[in-house]
Amino acid sequence: MTERNASIAIVGAGDYIGAAIASRFAAEGYRIHGGRRQGEKLADLEARIASEGGSFTGHSLDARREQEIADFLDRVDADAPLEACIFNVGANVRFPILETTDRVFRKVWEMACQAGFLTGREAARLMLAHGRGSIFFTGATASVRGSAGYAAFASAKAGLRAVAQSMARELGPQNIHVAHLVIDAGVDTAWVRERIAQDRGSEAAEEMSEDMLIDPASIAEAFWQLHRQPRDAWTHELDLRPFGETW
């Protein structure tokens, strides 16, 4: 592992995609900082990455709070120059439209859209001073089409996609790579398999093949490949789905 004098920030460093991204970039010698609600839950990830020779620091963070995001990224940049920032907050909920309360709609928008805007803006502030950087957003099928029961989630994810497009057009000419990843399938996590079990039965969840679910490590690899792209061939939007998925 070659140590780099650069940091990676992950906002929404959860147990699956966020953890996989942290491990992938740590393996390349970056200093990783992950933020999530209840940052103490990152202790196991911090210990695992340290055991592999990497650097990871966990932070408690509410990504909806402007000052918390600014302070978090300032701390990251003070540790080592911020080279990439990945916004990975989920907020996937399902409610029939008549059960989608104002509170639910507002909270999902704050988590999946407003927090992404705040993260991107504050990362750009630091990266413009450095003259380079990568800002990546984790999207979903809902980013490009709404489905029954997902009015709150789809509107927030579609909004995040629009934020990413606007940022890419503005910041690309200033040497900041902005990209949006559409994760167009279920991710192979315990939570997803529980949802499948609720909808289709426990046997269906157990038999769900890897052809139909995405390994978090594969998503992390896509983020890494985006980050290392030469700037004369930057990708702005990337669709990821297992080959067994119809679309």
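In α4, Phe105, Val108, Trp109, Ala112, Cys113, Gly116, Phe117, Gly120, Arg121, Ala124 and Leu128 meet a set of α5 residues: Ala151, Ala152, Phe153, Ser155, Ala156, Gly159, Leu160, Val163, Met167 and Leu171. Meeting here means contact, with heavy atoms within 4.5 Å. Sorted by class, this contact has 16 nonpolar, 4 polar and 1 charged residues. For the classes, Ala, Val, Leu, Ile, Met, Phe, Trp, Tyr, Cys and Pro count as nonpolar, Asp, Glu, Lys and Arg as charged, and the others, Gly among them, as polar.

A quick word on what you're looking at: this is a predicted model, where local features need pLDDT of at least 70 and side-chain atom pairs count only at pLDDT 80 or more, while totals for chains, interfaces and linings use all residues. Residues are numbered from 1 along each chain as its sequence is written, and side-chain values use heavy atoms, with hydrogens and water left out.

Back to the pair: α4 and helix α5 (residues 151-171) pack at an angle of about 15°, their axes 7 Å apart. Helices are DSSP runs (H or I, at least four residues), numbered from the N terminus. Axes are lines fitted to C-alpha atoms over the stretch in contact, and angles run from 0 to 180 degrees between N-to-C directions. α4 and α5 are therefore roughly parallel to each other, a label for angles under 35 degrees. Their crossing is right-handed, with the near helix turned clockwise from the far one by less than a right angle.

Helix α4 (residues 102-130) also packs with helix α3 (residues 66-79), at an angle of about 35° and with axes 9 Å apart. From α3 come Glu66, Ile69, Ala70, Leu73, Asp74 and Asp77, while the α4 side includes Leu118, Arg125 and His130. This contact divides into 6 nonpolar, 2 polar and 6 charged residues.

What about α1 and α2? The axes of helix α1 (residues 17-26) and helix α2 (residues 43-51) come within 11 Å and cross at roughly 25°. That makes α1 roughly parallel to α2. Here Ala19, Ala22, Ser23 and Ala26 of α1 touch Leu45, Arg48 and Ile49 of α2.

Last, the pocket. Among the residues lining the second largest pocket are Glu83, Arg132, His177, His227 and Trp234, and its lining has 2 nonpolar, 6 polar and 3 charged residues.

Methods
Helix = DSSP H or I, 4+ residues; strand = E, 2+ residues; numbered from the N terminus. Parallel < 35°, antiparallel > 145°, perpendicular 65-115°, else oblique. 1 Å grid on protein atoms, 1.4 Å probe; cavity = no way out; pocket = protein on both sides within 12 Å on 5 of 7 lines; lining within 4 Å.
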